[in-house]
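Reader: I'm new to looking at protein structures. Could you walk me through this one?

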Amino acid sequence: MQNNTVSIPHDVRDLSLAAQGKRRIEWAEMDMPVLRSIRSRFEREKPLRGVTIAACLHVTTETANLAITLKAAGAEVYLCASNPLSTQDDVAAALVAEYGIPTFAIKGEDHSTYYRHIHSVLDARPTITMDDGADTVGVIHSERTELIPNIIGGTEETTTGVIRLRAMAAEGVLAYPIIAVNDAATKHLFDNRYGTGQSTIDGIIRATNRLLAGTRFVVAGYGWCGRGVAMRARGAGAQVIVTEVDPVRALEAVMDGYSVMPMLEAAKVGDIFCTLTGDTHVLRREHFEVMKDGAILANSGHFNVEIDIPALEEMAVSRRTVRDFVEEFTMPDGRRLFLLGEGRLINLAAAEGHPAAVMDMSFANQALCAEYMVRHGHELGKAVHAVPSDIDAQIARLKLESMGYQIDALTPEQKEYLSSWKLGT
């Protein structure tokens, strides 16, 4: 809704929620010391002065602190949601009313509103794009190509988006450089594993209030996100089953102590299913046909395509909402399957997403990569690029310092030894 008392462009649910959102943003900031440190330098140096950033990210308290940091660096920041269910409405209101950041995001927005909001941030004619899922890049390349000459480059937050962008680069259609923030060690090793692991379990429990101990918990995909969820589910007492298509990852899951089997076999015994693959129709008709009465279906991958919802709708003789974020689908034989959060990211649909402490590193990468893109974007080819290793190391050092840890440094002798081929046995 628009409010004439606020002059900046926006579309949020209710600006009266702003004070509550500001308190929650400040709470998250307490656990984001690395980003605070970067913001302090940015306020002095203004490395993003003159830059306009179109950010399509989950509108959460942690993202708010990133947007505030980018603004402190001198950037004009325009923010929209990267998922229709991930917005925290009080945070969106606070960003507009308390921090003066144009924000276009409403929890539960429909498909047309979602893309209208993307166009709203693109109307600012960005020089940098910042994505979580590559939707902004996709719209620019398909509908808003007139913006491309003005764009220095972009950053991408998540695995699914990096996959899409690498496909564009391989086809030769990517029109500007992108830095794969997702692939930074201080992002995927921590955010994907510890952040997704904790927040996914949090979302499932909030939605269902089910006890995990003693259940058979099926994790589809054993990437870093899958590893995290499997670890946390086992910690809660669940018997974890992993399904995979990659033999190396499947072998790793076996050696980590999990049962590994095809999804068709897991479907017969699982109580709770969680997909984290980045691919489509991981749970589909043949799996629904053999699932137990009461099976719970959740997704923590970026898009709501991992569970074949159209097939589930077609098979069901009735459906109803039984709890917030829990929909019951009754099969012809009376079995009931429960879909959580419309098949969207359950950690953001039913919970609050990753804890601030882990997003501190992810969004530190975003901030520093935006600065890097301004300085070096003209040198980069139209491809997907790695986060510079010195940025990764800097963030890790800052995080360790904030936690009160110190580490060793190589001696001159050790450096010489590691750089020489002449020294040996």
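This is a predicted model: local features need pLDDT of at least 70, side-chain atom pairs count only at pLDDT 80 or more; totals for chains, interfaces and linings use all residues.

Reader: Okay, so how many disulfides does a search of the whole structure find?

Author: To count, a pair of cysteine sulfurs has to lie within 2.5 Å. Searching the whole structure for such pairs gives a total of zero.

Reader: Is Cys274 buried or exposed?

Author: Buried means under 20% relative accessible area. Cys225 makes it with 19%. Cys274 has a relative accessibility of 1%, so it counts as buried.

Reader: On to the helices: how are helix 2 and helix 15 oriented to each other, roughly parallel or roughly antiparallel?

Author: The axes of helix 2 (residues 33–45) and helix 15 (residues 356–376) come within 8 Å and cross at roughly 30°. Angles under 35 degrees count as roughly parallel. So helix 2, relative to helix 15, is roughly parallel.

Reader: And how many residues of that contact are charged?

Author: Helix 2 contributes residues including Leu35, Arg41 and Phe42, while helix 15 brings Phe363, Glu371 and Arg375, among others. Sorting the contact residues by type gives nine nonpolar and no polar ones, and the charged ones number five.

Key. Residues are numbered from 1 along each chain as its sequence is written. Side-chain values use heavy atoms; hydrogens and water are left out. Axes are lines fitted to C-alpha atoms, for helices over the stretch in contact, and angles run from 0 to 180 degrees between N-to-C directions. Helices (H or I, at least four residues) and strands (E, at least two) are DSSP runs, numbered from the N terminus. Angles under 35 degrees count as roughly parallel, over 145 as roughly antiparallel, 65 to 115 as roughly perpendicular and the rest as oblique. Contact means heavy atoms within 4.5 Å. Ala, Val, Leu, Ile, Met, Phe, Trp, Tyr, Cys and Pro count as nonpolar, Asp, Glu, Lys and Arg as charged, and the others, Gly among them, as polar. Buried means under 20% relative accessible area, exposed over 50%, partly exposed in between (1.4 Å probe, protein chains only).
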